[in-house]
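Hi,

Here is the structure I promised to pass on. My notes on it follow below; have a look whenever you get a moment.

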Amino acid sequence: MAGRLWQDVDRKGERSFLSKVISSKNKVSKELFKALMAKGRSFVCHSFTARVFSDGTDLPPKFSVVVAKKLEKSAVKRNVIKRRFYSLIQPYIKIIKRGTVCALFVKKKLSMKDMKNTDLEIQIFLKKIKLI
């Protein structure tokens with residue numbers, strides 16, 4: 001199932017956004033998420049807040065995207081936002097340091113126009129904290 005393409009269509013149906021689903025081995029488990037919340041360092045960006053820590057293992061990097069119900073009531077829309085963030089993270093998975101665990105907490109709704117800015121913001125964030 002990993003690598004399967006999903007097509008997100010904006011409500012207006014104007015443009016489609018193809019996203020790649022990241023594999024489950026690159027997603028944070030519940031136990032690891034608890035450890036991340038307890039031990040991780042926080043970083044604040046314009047579109048998201050991140051919690052990051054390195055567990056010191058040689059496992060592939062793991063990511064989680066959290067979209068609060070307060071931000072978007074509909075589960076379908078929250079999942080669209082998550083898929084968009086996962087698709088932005090996908091190109092960096094292979095170059096991020098192994099053993100890294102990261103959770104991104106989305107702060108605001110993203111339109112298609114914001115995706116390029118958010119992509120740049122994620123790239124700058126990863127360079128700033130020296131993960132790539």
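A quick definition before the findings: buried means under 20% relative accessible area, exposed means over 50%, and partly exposed is in between (1.4 Å probe, protein chains only). Please keep in mind that this is a predicted model, where local features need pLDDT of at least 70, side-chain atom pairs count only at pLDDT 80 or more, and totals for chains, interfaces and linings use all residues. Residues are numbered from 1 along each chain as its sequence is written, and side-chain values use heavy atoms, with hydrogens and water left out.

Let's start with lysine 108. With a relative accessible area of 28%, lysine 108 is partly exposed. Its place is the loop between β6 (100-106) and α3 (114-128); helices (H or I, at least four residues) and strands (E, at least two) are DSSP runs, numbered from the N terminus. Leaving aside residues up to four places away in sequence, lysine 108 touches His46, Ser47 and Leu71, where contact means heavy atoms within 4.5 Å. Phenylalanine 48 is 60 residues from lysine 108 in sequence, yet their C-alpha atoms are 7.6 Å apart.

Now the salt bridges (a side-chain nitrogen of Lys or Arg within 4 Å of a carboxyl oxygen of Asp or Glu). Searching the whole structure turns up one: the side chains of arginine 98 and aspartate 58, at 3.2 Å, N to O. Arginine 98 sits in the loop between α2 (75-89) and β6, and aspartate 58 in the loop between β4 (48-54) and β5 (62-66), so the pair ties together parts 40 residues apart in sequence. Arginine 98 is partly exposed at 45%, while aspartate 58 is exposed at 58%.

Best wishes
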